Amino acid sequence: METRTRGREDVKLPPVLHIVVVGFHHKKGCQVEFSYPPLLPDESHDSGGLPEQWRYLPFLALPDGAHNYQEDTVYFHLPPLSAEMKCVYGVSCYRQIEAKALKVRLADVTRETVQKSVCVLSRVPLYGLLQAKLQLITHAYFEEKDFSQIDILKELYEHMNGSLRGSTLEGSQVYLGLSPRDLILHFRHKVLILFKLILLEKKVLFYVSPVNRLVGALMTVLSLFPGMIEHGLADSSHYRPKSSLSEEPGGGGAEPAAAVTTPSIEEFVSVSATDIAELVGEEPPPPTGEGEGEGGDSHLLKPPSRPSPDSSESDWETLDPSVLEEAAAAAAAGGEKGAEHPETFDPEPGIPITSQPQAVGGQGGVVQGLVSGLEEDRYGLPLPVFTKGYLCLPYMALQQHHLLSDVTVRGFVAGATNILFRQQRHLSDAIVDVGSTVEEARIQIQDPELRRLLALTTADLRFADYLLKHVTENREDVFLDGTGWEGGDEWIRAQFTLYLHTLLSSTLHQDSERLLADYGAPFTAAWKITHNYRVWQSNRHQAMTEITPGHPFQGQYSVADVKLRLSHSVQNSERGKKIGNAMMSTSRNVVQTGKAVGQSVGGALTSAKSAMSSWFSTLATPPVAVVMPSPEEGHHQEEQ
């Protein structure tokens with residue numbers, strides 16, 4: 001059950017925390033107009049008060065450029081209000097209606113259209129299920145044409161909590177509305193590049209409009225990681241609003257929640273205060289003694305207070321080749337460990353590797369991870385990617401722009417519709433332009449070293465081509481499209497689960513260097529120094545012995561591989577695209593010239609054919625009887 005290990009807050013908090021209505025005021029901008037229960041305990045339903053941690057809620061629920069669309073849907077994440085809580089998942093349904101259609105028009109309605117969003121704040125990441133229920137209620141709420149009728153919103157709160165209480169985070173309801181088939185048809189081989197980008201914990205920005213396409217693409221990519229949607233996003237929104245980092249005059253009048261404690265910087269990212277000072281170019285603060293001499297806690301596996309040279313933020317961001325070579329050598333040495341890098345997750349000499357306890361409820365059960373703090377399955381999944389300052393923000397408002405350069409944020413997977421995010425390329429490692437067509441879907445990576453790390457191997461190309469063929473070949477029947485196993489959504493997720501299982505298993509094998517070459521030696525060397533891999537490797541997961549190591553598509557090269565490599569190069573490199581466009585232009589001109597020549601030659605042939613036909617028809621016509629004129633007629637013709 002979903003409530004067995006989520007924490008103490010599950011005993012007292014319902015699955016749905018609040019139903020909120022956000023409107024656009026012509027003078028005040030986006031503001032909360034109604035909340036049930038109130039967002040602040042001592043306030044009324046229509047007070048508009050917000051906890052300080054949720055000050056961006058109005059701008060997330062009512063996105064940028066919403067006036068360009070009649071309706072839209074937004075997924076967003078909010079930080080927890082207390083230490084016992086986890087990430088708060090938000091789903092918002094936006095609509096606009098003409099002001100003249102309202103039955104009750106308030107005095108502050110001065111524009112021709114009224115824009116509002118109804119959103120659900122939940123503790124369970126059931127995005128599609130919440131969206132389906134919320135869209136119906138939002139439609140009914142607008143059909144009333146009287147926004148003072150709030151009973152339907154209160155009934156929605158009670159209904160959702162009644163239906164979701166005690167529900168499990170398993171099965172198809174978690175992935176409702178997330179289609180990997182559509183993702184592969186849109187991005188093709190580039191889906192695997194996105195998968196590897198997130199494994200490397202890079203700064204990835206998705207960009208497209210409207211928001212429903214943006215959040216759909218981003219969350220579908222995350223659904224390819226086993227267990228990520230269900231249990232891997234619990235710590236994905238641990239950030240602080242800008243006013244908490246620096247004092248701002250006129251904070252908007254919203255008082256912070258009373259019992260909120262603000263975590264320290266060290267709780268967000270696994271670097272010390274000295275490293276942070278070096279990153280921002282300031283003098284390091286004097287040592288405070290905190291964290292020195294752990295005492296009785298020294299036997300616990302904890303995130304490092306100071307990273308090793310192989311995993312420092314500055315080296316990791318640039319990924320200097322020497323760092324990768326050192327990491328690969330350390331991995332090949334098989335754990336020569338502790339004395340050289342005492343800060344990593346490798347245990348001390350006298351302490352055995354921690355063995356992750358197994359779930360009682362069978363193969364599909366999850367238990368609390370000893371190091372990651374997430375709920376994990378028998379294989380140690382989901383990987384703890386979105387922890388320690390690595391954020392997942394399906395939609396980012398312009399007011400959150402500072403998070404891209406915040407020193408407490410070591411990386412992110414975020415979505416944006418505002419062009420300002422896209423223009424500042426230096427703040428992201430990769431910009432994923434979703435686009436509206438296959439040709440417009442592209443991944444822009446400025447760093448050539450990162451492009452080298454993400455270059456797909458021959459085995460990777462076989463894997464991606466295998467997925468693409470199965471997806472495209474099973475689209476003939478429009479009524480059964482996507483309902484079968486092979487080429488369906490669940491089948492695609494199973495293939496990526498196998499890919500990740502074999503990748504993890506290969507790292508544990510004695511001949512790991514040879515096996516990992518099929519995944520890309522530069523990529524695996526960089527991945528081994530990431531936070532998520534070090535946490536996973538610090539535990540012994542007994543179920544990994546059941547996985548056969550090695551790439552699922554390893555094997556000898558063939559002529560088909562050469563064709564596949566050439567096709568991939570033409571489709572994805574700038575030089576290849578130019579060659580491909582030139583070839584397409586040339587072939588188009590040849591076809592047009594051929595048509596023109598064919599038309600002229602065809603016209604001549606048609607004329608000749610018609611002439612021959614008329615000649616043959618003349619030959620085939622029976623002789624016409626000759627009528628001789630009478631003598632009078634003949635004499636008359638002679639006179640004429």
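In the predicted model, the largest nonpolar core holds 142 residues, of which Leu 57, Phe 206, Leu 233 and Phe 386 touch the most other members. Such a core is a set of buried Ala, Val, Leu, Ile, Met, Phe, Trp, Tyr and Cys residues joined through side-chain atoms within 4.5 Å. Buried means under 20% relative accessible area, exposed means over 50%, and partly exposed lies in between (1.4 Å probe, protein chains only). Leu 57 is in contact (heavy atoms within 4.5 Å) with Val 20, Val 32, Leu 39, Leu 50, Phe 76, Leu 78, Cys 119 and Leu 121, neighbours within four places in sequence being left aside.

The model is a prediction in which local features need pLDDT of at least 70 and side-chain atom pairs count only at pLDDT 80 or more, while totals for chains, interfaces and linings use all residues. Residues are numbered from 1 along each chain as its sequence is written, and side-chain values use heavy atoms, with hydrogens and water left out.

The chain has 640 residues, and 48% of them count as buried. Its secondary structure comes to 21 helices and 14 strands. Helices (H or I, at least four residues) and strands (E, at least two) are DSSP runs, numbered from the N terminus. Among the contacts in the chain with a separation of 6 or more, 71% come from residues 24 or more positions apart.

Five strands build an open sheet with mixed pairing, in the order β10-β11-β6-β12-β13. The edges are β10 (390-393) and β13 (442-445); each has a single partner strand, so one side of each is left without a neighbour in the sheet. From one strand to the next, the twist averages 15°. Two strands pair if DSSP finds at least two bridges between them. Strands of a sheet pair through backbone hydrogen bonds, either parallel or antiparallel.

Within this sheet, β10 and β11 pair in the parallel sense over four bridges. Leu 393 has Ala 414 in β11 as its bridge partner. The pairing of β6 with β11 is also parallel, over five bridges. Here Lys 203 stands opposite Phe 412 in β11. By contrast, strand β12 (residues 430-433) and β13 pair in the antiparallel sense, over four bridges. Arg 442 in β13 is the bridge partner of Asp 433.

Strand β11 is mostly covered, with six of its six residues buried. Both of its faces are covered. Gly 411, Val 413 and Gly 415 are buried on one side, and Phe 412, Ala 414 and Ala 416 are buried on the other. Helix α6 lies across β6 (203-207), β10 and β11 (411-416), and runs at about 150° to β11.

Helix α4 packs against α5, α6 and α15. Two packed helices are described by the angle between their axes and the distance between the axes. Axes are lines fitted to C-alpha atoms, for helices over the stretch in contact, and angles run from 0 to 180 degrees between N-to-C directions. Angles under 35 degrees count as roughly parallel, over 145 as roughly antiparallel, 65 to 115 as roughly perpendicular and the rest as oblique.

The axes of helix α4 (residues 180-187) and helix α6 (residues 211-222) come within 10 Å and cross at roughly 100°. The two helices are therefore roughly perpendicular to each other. Pro 180, Leu 183 and His 186 in α4 meet Arg 213, Ala 217, Thr 220 and Val 221 in α6. By class, the residues of this contact are four nonpolar, two polar and one charged. Ala, Val, Leu, Ile, Met, Phe, Trp, Tyr, Cys and Pro count as nonpolar, Asp, Glu, Lys and Arg as charged, and the others, Gly among them, as polar.

With helix α5 (residues 190-199), the axis of α4 comes within 8 Å and crosses at roughly 110°. This pair, too, is therefore roughly perpendicular. Leu 183, Ile 184 and Phe 187 in α4 meet Lys 190, Val 191 and Leu 194 in α5. The contact comprises five nonpolar residues, no polar and one charged.

Helix α15 (residues 489-508) packs on α4 at an angle of about 70°, with the axes 8 Å apart. Helices α4 and α15 are therefore roughly perpendicular to each other. In α4, Pro 180, Arg 181 and Ile 184 meet Asp 489, Ile 492 and Arg 493 in α15. This contact has three nonpolar, no polar and three charged residues.

Pro 522 is placed in helix α17 (residues 521-527). Pro 522 is partly exposed, with a relative accessible area of 26%. Beyond its neighbours within four places in sequence, Pro 522 is in contact with Arg 452 and Leu 453. Its C-alpha atom is separated by 9.6 Å from that of Leu 450, 72 residues apart along the chain.
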